[in-house]
Amino acid sequence: MENQENEHVRRVRYKGTHPKSYKEKYKELQPEIYADDVAKIIQKGKTPAGMHISICVKEILEFLDIQPNQIGLDATLGFGGHTQEMLKCLKNEGHLYAIDVDKIELAKTRERLENLGFGSNILTIQQLNFANIDKVMSQGKKFNFVLADLGVSSMQIDNPERGFSFKYNGPLDLRLDPEGSITAADKLKELSYMEIKEMLINNSDEPYAEQIAHAIAKEKKEGIEITTTNQLSQIVSNALAFIPNNERKKAIKKSCQRTFQALRIEINNEYDALYGFLEKLPQMLAPNGRVAILTFHSGEDRLVKNSFKQFRNEGVYSEIARDVIRPSAEECYVNPRAHSAKMRWAIK
Ligand SMILES: C[S@@+](CC[C@H](N)C(=O)[O-])C[C@H]1O[C@@H](n2cnc3c(N)ncnc32)[C@H](O)[C@@H]1O
């Protein structure tokens, strides 16, 4: 008789009571098997590894006012949370297009959404930069609603191999499209002191841009290649050694966040992509078409605000948001990553 006993698989070993590194979080990375554990983590105000909690869902759906039979675009698919909610509003009639530059996460999200029953009759997913919004559909077709939820997903931030976070050690990569551009490590090799300083100021309003750029340039001059996230955060930390003890830890954390953000914006050409998207958007919207955009830092918000205002003044948009809409205090409590989000909208 065949031995039908299942081979015993030992659980991943980690020190202490809770997993700390990304790889140890095997339960969070398999929500389909460990649904209860994952729900507990979300209740505690944390984002489980490998997941993204969608922001301002209620506010976005209220504004977009999606009706069955409409055609829409999710310009930043990510984990597919917003996509799923928008699909529910279509009630199986109409079509949703969803795009993302990130090939790695896109494949996982496609499978997840297919398993939930969202097939090609209702949903088309493509790997595409939203700067190419005019390439999503065949010519002449227009969108009734568009959503862009800018920046990075929690899956990207939390995976050390992608190099998006200074909190975990990993290669200094930071590419949204893993085949799209050069890595942040290679970009740093190319940039001069002046260019690094300008990048930190232009992309992140970094108050210590001069000191950080100087420290990076010094390492390079000594022939040291900056190839890991830990190396870069250590350089930022050393550059801020002059800050008084009681303020230093907080200042270093903020400067690390801004330095990584500035590099990410630089290598992924994020401002150019957003500008291209905003410029093409009006011609891709149907009459009365609605667009909602979520931003996460002042540079992005400024671009969106100015574009909406300009097209409103030119009579292209009939109405735009007067003020930004922010996630509720309850949402920020449950999902601290929502804190910096700002939503703006426009109607053609
Ligand atoms: C905040 S996440 C979106 C999360 C998603 N709304 C959800 O509910 O799961 C932002 C996503 O935008 C993608 N992205 C960033 N810039 C992009 C661009 N220029 N074109 C297309 N996708 C982009 C990122 O790869 C990331 O997956």
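This is a predicted model: local features need pLDDT of at least 70, side-chain atom pairs count only at pLDDT 80 or more; totals for chains, interfaces and linings use all residues.
Visitor: With which residue does the side chain of Glu62 meet in a salt bridge?

Guide: As a general idea, side chains of opposite charge can pair when their charged atoms come close. In this structure the partner of Glu62 is Lys58, with 3.9 Å from N to O, and Lys58 is likewise labelled exposed, because its relative accessibility is 58%.

Visitor: How many residues apart are Glu62 and Lys58, and in which helix do they lie?

Guide: Both belong to helix α2, which covers residues 57-64, and because they are 4 residues apart there, about one helical turn separates them.

Visitor: How many salt bridges does a search of the whole structure find, and which parts of the chain does the one between Glu225 and Lys189 tie together?

Guide: The search finds 17 salt bridges. In the one between Glu225 and Lys189, the side chains meet at 4.0 Å, N to O. Glu225 sits in the loop between α8 (209-221) and α9 (229-239), whereas Lys189 belongs to helix α6 (residues 184-190), so this pair ties together parts that are 36 residues apart in sequence. Glu225 counts as partly exposed at 46% relative accessibility, and Lys189 counts as partly exposed at 48%.

Visitor: Turning to the aromatic residues, how many aromatic pairs does a search of the whole structure find, and how should I read the pair of Phe130 and Phe277?

Guide: The search finds 7 aromatic pairs. The ring centres of Phe130 and Phe277 are 5.0 Å apart and their planes stand at 50°, so the pair is called tilted. This pair links distant parts of the chain, 147 residues apart, with Phe130 in the loop between β3 (123-127) and β4 (143-149) and Phe277 in helix α11 (residues 270-284). In general, it is the distance of the centres and the angle of the planes that describe a pair of aromatic rings.

Visitor: Are Phe130 and Phe277 buried or exposed?

Guide: Phe130 counts as buried at 15% relative accessibility, and Phe277 is buried with a relative accessible area of 0%. For contrast in ring geometry, take Phe308 and Tyr317, whose ring centres lie 5.6 Å apart with planes at 80°, so that pair is edge-to-face. Both Phe308 and Tyr317 are buried, and together with Phe311 they form one aromatic cluster.

Visitor: Finally, which residues form a positive surface patch, and where is Lys250 found?

Guide: The patch is formed by Lys167, Lys249, Lys250, Lys253 and Lys254. Lys250 is found in helix α10, spanning residues 245-267, and Lys250 counts as exposed because its relative accessibility is 60%.

Note on methods:
Residues are numbered from 1 along each chain as its sequence is written. Side-chain values use heavy atoms; hydrogens and water are left out. Patches are made of residues with over 30% relative accessible area and no salt bridge: like charges are joined within 9 Å, nonpolar side chains (Val, Leu, Ile, Met, Phe, Trp, Tyr) within 5 Å. Accessible areas come from the Shrake-Rupley method with a 1.4 Å probe; for residues, only the protein chains shown count as cover. Lys and Arg count as positive and Asp and Glu as negative; His and the chain ends are not counted. The place of a charge is taken as NZ of Lys, CZ of Arg, CG of Asp or CD of Glu. Helices (H or I, at least four residues) and strands (E, at least two) are DSSP runs, numbered from the N terminus. Buried means under 20% relative accessible area, exposed over 50%, partly exposed in between (1.4 Å probe, protein chains only). Rings of Phe, Tyr and Trp (its six-membered ring) pair if their centres lie within 6.5 Å; planes under 30 degrees apart count as stacked, over 60 as edge-to-face and the rest as tilted.
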